[in-house]
Amino acid sequence: MIAVVINISALVLVLFSFFKNREKSKQALKIAVSKGLGLAPQLISLVAVIGIIFAFLPPELIKEFLGGEFSLIQVGGAALFGAVMMIPSLIALPLAGSLIDAGASYTPVAAFITTLTMVGFVTIPVELKELGKKITVYRNGLALIFAVIIAFMIGVFI
Amino acid sequence: MTAANNIENQNNKNKQEKMTAEKKQQKFNQNIKKTIKTIIFWGIVLAVFRYIFPDRFPAAISMSSRYLKEMILVFPAVLVIMGLADRWVPTSMVEKYLGHNSSFKGKFLAVFLGTLPTGPMYVAFPIAAELLRKKASLSNVIIFLGVWASLKVPQLGVEIQFVGLKFSILRFIFTLISIFIIGLLMEKIIDTSEFTGAE
C-alpha cells in the first residue's frame with residue numbers, strides 16, 4: 001500500500017520536474033542512481049544476512065532475546081547501541097522490520113531507531129566544530145534520554 | 001575589468017565543475033565495482049551454504065527474496081524523490097526561510113523544512129551554525145536539527161513499509177513532541193550570544 005503511494009508520488013514529482021526543467025530533472029535522476037549504487041552493497045549484504053540468519057535462528061530464539069517485557073537498562077542498552085552505530089537509516093529500517101517480524105518487541109527497536117537517527121557519536125566531531133561543546137553535549141544527552149522515553153511510550157501505545 | 005573578472009570567474013567555475021564531475025564519475029565507478037564484488041561475495045557464501053546445509057537453503061532464499069522484493073518496491077522511488085529534492089530544494093533556501101523567523105511560524109517552518117528529503121546530518125550542522133549566527137532562536141535550530149535527523153519524509157515511507165504504519169505514526173508524534181521539549185529546554189539553559197556576538 002505505502003509502496004503504491006511512494007511510487008505514485010515519485011512518478012508525479014518526476015513528471016512535474018521534467019515539465020519544469022529538463023536539465024535539473026536529469027541531474028536529479030543521476031543523483032538518485034549514484035545514491036542507489038552507494039547503498040546497493042549494504043542492501044545486498046543485508047538481504048543475504050537476513051536470509052542466512054533466519055534460516056538458522058528460529059523465530060522463537062529471537063522472541064526469547066528481543067521479545068517480551070523490557071527493563072529500563074535493556075532499553076537504555078538498545079538506545080546506546082543505536083547511538084554508537086553508523087548505519088544509514090534506509091538500511092536500518094528494513095533490518096528493524098525483520099526483527100519485529102521475527103517476534104522482537106517494538107520497545108527496543110524504537111529506542112534503537114530513535115538514537116540511530118537523532119544521536120550521532122560518529123558525527124559529534126562535526127557538531128562540536130560547528131555548534132560548540134555545550135549545544136552538542138546537551139542535544140545528544142537529551143536525545144538519548146528522550147529516546148528511552150519515546151521507546152517506552154511506543155511500547156505502551158502499540 | 002569586470003568583464004575580465006567575470007570570464008575568469010566563469011573559467012574557475014567551469015574548472016571546478018569539471019573536477020567535481022570527474023570525482024563523481026570516479027566514485028560512481030567505485031560503487032559499481034563494490035556492488036559487483038558484494039554480489040559475487042554473497043553468491044559464493046550462498047553456494048557454500050547450499051552445499052553444507054541443503055535442507056535450510058530454501059528457507060534462507062525465500063526470506064531473502066521476500067526482503068529483496070520489498071526493497072525493489074520502495075527504494076527506487078525513495079531515491080528518486082531524494083534526488084529531486086537535492087536539485088529543487090537548495091540548502092540556501094532553508095537558511096533563507098529559517099534565518100529571521102521566530103515564534104510559532106518559525107517552529108512550523110523548522111519542522112517543515114526539516115522533513116524535506118535533503119542531505120545527511122553533517123550537512124545540517126553547518127546550516128544550524130549559520131542560522132544561529134543569523135540570530136534564529138536556539139529552540140528553532142534544535143527543532144530543525146532533530147526533525148532533519150529523525151523525521152525525513154522518504155524515510156518515513158520506508159519505515160511504514162518495513163516496520164508498520166502504527167509504529168511509524170506513534171514514533172513520529174512522540175519524537176516530534178520530544179524534539180520540541182529538547183529545543184525549549186536547551187533554549188532555557190544555553191546562552192547563544194557567543195554565536196551572534198562573536199561575528
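Let me start inside chain A: the centres of its domain 1 and domain 2, taken over C-alpha atoms, are 25 Å apart. This is a predicted model, so treat everything I say as computed from it.

The domain bounds first. Domain 1 of chain A covers 1–56, and domain 2 of chain A covers 58–158. Where the two touch, domain 1 of chain A supplies 6 residues and domain 2 of chain A supplies 7 residues. On the domain 1 side of that contact, the classes are 5 nonpolar, 1 polar and no charged residues.

Now the contact between chains. On chain A, 65 residues are in contact with 66 residues of chain B. Which elements of chain A give two or more residues to that side? They are α1 (2–20), α2 (22–56), α5 (89–101), α6 (106–118) and α7 (124–157). The most comes from α2(A), with 24 residues. Sorted by class, the side of chain A that touches chain B has 43 nonpolar, 16 polar and 6 charged residues.

Look for it in the loop between α3 (59–66) and α4 (72–84) of chain A. Is Ser71(A) buried or exposed? Ser71(A) has 8 other C-beta atoms within 10 Å, and a residue counts as exposed at 12 or fewer, so Ser71(A) is exposed. Along the chain, Ser71(A) and Phe152(A) are 81 residues apart, and their C-alpha atoms are separated by 9.8 Å.

Note on methods
Residues numbered from 1 in each chain as written. Chains lettered and ligands numbered in written order. Predicted model: local features only at pLDDT ≥ 70, side-chain atom pairs only at ≥ 80, totals over all residues. Helix = DSSP H or I, 4+ residues; strand = E, 2+ residues; numbered from the N terminus. Nonpolar A, V, L, I, M, F, W, Y, C, P; charged D, E, K, R; others polar. Domains from an automatic or database assignment. Buried ≥ 20, exposed ≤ 12 C-beta atoms within 10 Å, placed from the backbone.
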